[in-house]
Each structure stands twice: as structure tokens, then as C-alpha cells.
Amino acid sequence: MTKTLLLDCGSGGRASQRLINELFLSHFDNPVLRTLDDAAKLDIKGPIAMGTDGYTVAPPFFPGGNIGTLAIHGTVNDVSMLGARPRYLTCSFILEEGLDLELLERIVASMGEAARNAGVLIVSGDTKVVPRGMCDKLFITTAGVGEILVDPAPSGSSARPGDAILVSGAVGDHGLAVLGQRDSLSFLQGVESDSAALNRMVERLVLEVGDIHVLRDPTRGGLATTLNEIAGQSGVVCMLEEEHIPLHDAVRSGCDVLGLDPLYLANEGKLLCFLPEEKAEAALAVMRSDPHGGEAARIGTVYAPEAPSRPGQVILKTPIGGKRLLSMLEGDQLPRIC
Ligand code: MG
């Protein structure tokens, strides 16, 4: 195999076959993929959750992960947020001519490992090579399906007045870690992406705790934007206690220096959970016993909108008793973060 990717590796001919066999099959291997049919035959019972996401993060490697692990974790998490057990993923790669094959292999190997760790199979895929300059190294699209484990499934429109709002850990790490890597900011060296699969935590939440109204991963746009989406979909008000929102010191100080608000930075290994008040402690105990939920916290409560507040609002109570409105992210604070 040559050291860099040639255009004919995407031709569908011998060079493509070699790339698929030597690289993708060796790292993604499983009985479903191995059939190499046009589509994967899946054994799965409905109702199912299905999601897809494209990944364009720059640079492709950052502290705590890379574009490939992100593509696995992101789609596993999106499927999980419906209270589902993710089972199968597909991966589509857009590769730039001249891409370093060693870099590609590191990414593909880490994807295989991330999928095995999450307990999902990569069952179908596609590879295209585009001429130099037509994409930046590589873009990856993953899709995933999983079995929904509970009825009703959690939904962004199911938040109810009185619900406790929980977050599974500290926020803002992913966005800041990618920014630090991209701009070589040495003062952000201690900040690592939180990229992780949350499917096992979700499975325990929905099956052991139960009555989970909302699950959502606060990715692009961060905690503040995701809460705005949920408040809007459910027609409620989310009241947050600023001092209870977990934040790593390095993220807090990095954001101060850069003038960024950590509540709007992307997360790739965190979830928001809304559920009845009386279940909050049990859910926190489940989160904290998970490898990715050690810093889980209750950060707020859902209220029915009463004047002067309006449905869809997210209000942050500061430690000294002030209140400010957290609006949706305007524009893009950081492009190509995932
Ligand atoms: Mg999501």
C-alpha cells in the first residue's frame, strides 16, 4: 500500500478493494460486515431509534480523541438519547486525495476499538476519494440504529413542571480542547475532550431508574442551547443554579482568557436528563457509578411558564441571587468543532 491516498482508491476498482480489505475490514471486522453485500441484514426488533451525523472536526486529532472516535461516540449517543440500546452503525468516509494513510489507519483502528467498547457493530460502509482541496483530509458520516427500551421513549417535548434537571458531568471540555489544539494554545494543555459513549449509562437510567422524561446530549451549542431546545419543545421554563453546574477549573480559566462562555461550548460525552424530582437521587447515583458520570450533578428545575417568564426560556440564577436569561447560541461560536 502506498503512503498517501491516491484518487483511484475511490474508483470502485482494485485499489478501492485493497483499501477496503486491508484497512477497513481488518479494523471493523464482524460477521455482518464480512458478507460485503450491498446492505447489511440486521436482526433487530422495533420500535427502533435511528440517527445520523456528519463529522468534519479540524484538526482530526485533539486531546481525548479524534474525528473517528467522535463519529462513533456521537452517533451511539444520539441513538441512546431515545432510551435505546444502539446496535449497528454504518460509516461513510469522504477522503481527500493525498491523505496520509498512516493517519487514516490510526483513525480507523480507533473507530473499531470505540465501536467494540460501546458494544456496537459497524455493518456497512462507503469510501469516496475526492481530488486534493475538495475536502480537508477526511469527513466521516455515521448512522446508527438501536432498539428503544422503554415506552414512552424520552423526548425533548416531555419535560414537565417539577422535573429535576441533571447533567452527567462537567461541561465545555470538548469545544475548548479542539480550539486549543487548532490554535496551539499552550494554556489549554490540560483540557481534554470528554468524547465517550454513554449508552451503558442510558440503559441503566431508563431500565433501573425509569420514568426518564428527557435525555439529550448537549453537543454543538452546548448546555445552554440544548436546554433552550428542550424548554421550547416542551413549552416550559428551565431554572438553573449557576453554582451547581460542574465546570473544570482549566475550562473556567481558559474561557475567561478567551472570552468564551463554557455553557455554549460543545460536549461529546455528557447528557442532560429530566425526570421527576423524587427520582433525581437514584439517577444521580447511577450516573456517578458510571465511568463517564463521576461529576454528575443536579443543576436545576423545570417550571410552568408564569409571567413574566415565557415558555421556552432558560433562566440562570447566579450565586448572589441575580437572574439572567440564557438564550440560544447566535451564530457559530466555534466552527468545525465536531
Ligand atoms: Mg444529540
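How far is the sulfur of Cys 9 from the closest cysteine sulfur? The distance is 14 Å, to the sulfur of Cys 135, which is too far for a bond. A search of the whole structure accordingly returns 0 disulfides, a disulfide being a pair of cysteine sulfur atoms within 2.5 Å. Cys 9 is buried, with a relative accessible area of 11%, and Cys 135 is buried at 7%. Here buried denotes under 20% relative accessible area, exposed over 50%, and partly exposed the range in between, computed with a 1.4 Å probe on protein chains only.

The model is predicted, and local features need pLDDT of at least 70, side-chain atom pairs count only at pLDDT 80 or more, and totals for chains, interfaces and linings use all residues. Residues are numbered from 1 along each chain as its sequence is written, and side-chain values use heavy atoms, with hydrogens and water left out.

Helices (H or I, at least four residues) and strands (E, at least two) are DSSP runs numbered from the N terminus. Helix H1 covers residues 14-28, 15 residues in total, and spans 20 Å from its first C-alpha to its last. This is close to the expected 21 Å, where the expected span is 1.5 Å times one less than the number of residues. At Ile 20, H1 bends by about 30 degrees; the bend is the angle between axes fitted to the seven residues ending at a position and the seven starting there. The buried residues of H1 include Leu 19, Leu 23, Phe 24 and His 27. The buried residues of this helix pack against helices H2 (31-34) and H4 (101-118) and strands E4 (84-96) and E5 (121-130), contact being defined as heavy atoms within 4.5 Å.

Asn 228 lies in helix H7, residues 222-234, and is buried, with a relative accessible area of 10%. Its side chain reaches the backbone oxygen of Ala 224 at 2.9 Å. When residues up to four places away in sequence are not counted, Asn 228 touches Gly 312, Val 314, Leu 326, Ser 327 and Met 328.

Leu 149 is located in the loop between strands E6 (138-148) and E7 (163-167). The residue is partly exposed, at a relative accessible area of 23%. Apart from neighbours within four places in sequence, Leu 149 is in contact with Gly 83, Ala 84, Arg 85, Glu 203, Val 206 and Leu 207. The C-alpha atoms of Leu 149 and Glu 242, 93 residues apart along the chain, are 33 Å from each other.

Conventions. Polar contact = N/O pair within 3.5 Å; in protein donor to acceptor, adjacent residues only side chain to side chain.
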